[in-house]
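Dear colleague,

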Amino acid sequence: MLQPTVTHSDYDTVRDVIRSSVQGAIAQGDNPDKVAQAIARIASSSSPRLRYRVGNESRWLPCLRAILPDKLFRFGARKRLNLP
């Protein structure tokens, strides 16, 4: 995760919450072997697509985005990231 070169103290609390949430999500994330297996499969494909989804959230999150109203989807995303 890239660190900002310049920070403003007004955003320290939000930045810390987001950093903690992202680190928690990474720790609870899928096994990196899934990504490695996908890369190997894609590399040997005769006509690979531009984008691939790998992992649990990457499969159901777009479906939620498609069926939920924007305000509800954003509420869920903020809740997932522990933001107010």
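**Notes on the chain**

Val 22 lies in helix H1, which covers residues 12–27; helices here are DSSP runs of H or I with at least four residues, strands are runs of E with at least two, and both are numbered from the N terminus. Please keep in mind that this is a predicted model, in which local features need pLDDT of at least 70 and side-chain atom pairs count only at pLDDT 80 or more, while totals for chains, interfaces and linings use all residues. Residues are numbered from 1 along each chain as its sequence is written, and side-chain values use heavy atoms, with hydrogens and water left out.

With a relative accessible area of 24%, Val 22 is partly exposed, a class that sits between buried (under 20%) and exposed (over 50%), computed with a 1.4 Å probe and protein chains only. Although Val 22 and Asn 82 are 60 residues apart in sequence, their C-alpha atoms are 10.0 Å apart in space.

As for the chain as a whole, it has four helices and zero strands, so that it reads α-α-α-α from the N terminus on. Its radius of gyration is 17 Å, well over the 12 Å that the globule rule gives for 84 residues, so the chain is more spread out than a compact globule; the radius is taken over C-alpha atoms, and the rule is 2.2 Å times the number of residues to the power 0.38. Along the principal axes, the C-alpha atoms fill a box of roughly 50 × 35 × 20 Å, and buried residues make up 6% of the 84 residues.

Turning to charged pairs, a salt bridge is taken as a side-chain nitrogen of Lys or Arg within 4 Å of a carboxyl oxygen of Asp or Glu, and by this rule the count comes to six. One of them joins the side chains of Asp 16 and Arg 19, at 3.3 Å from N to O; these two residues are three apart in helix H1, and therefore separated by about one helical turn. Asp 16 is partly exposed at 44% relative accessible area, and Arg 19 is partly exposed at 24%.

Asp 70 takes part in a network of salt bridges that also links Arg 65 and Arg 74. The closest N and O atoms of Arg 65 and Asp 70 are 2.8 Å apart, and the salt bridge between Arg 74 and Asp 70 likewise has an N to O distance of 2.8 Å. Arg 74 and Asp 70 both lie in helix H4 (residues 70–80), four residues apart, or about one turn of the helix. Asp 70 is partly exposed at 36%, as is Arg 65 at 40%.

Finally, there are surface patches, which are made of residues with over 30% relative accessible area and no salt bridge, like charges being joined within 9 Å and nonpolar side chains (Val, Leu, Ile, Met, Phe, Trp, Tyr) within 5 Å. Val 35, Ile 39 and Val 54 make a nonpolar patch of about 230 Å², with accessible areas from the Shrake-Rupley method and a 1.4 Å probe, only the protein chains shown counting as cover for residues. Val 35 is found in helix H2 (residues 32–43) and is partly exposed at 41%. A positive patch is formed by Arg 41, Arg 49, Arg 53 and Arg 59; Lys and Arg count as positive and Asp and Glu as negative, without His and the chain ends, and each charge is placed at NZ of Lys, CZ of Arg, CG of Asp or CD of Glu. Arg 59 belongs to helix H3 (residues 56–67) and, at 53% relative accessibility, counts as exposed.
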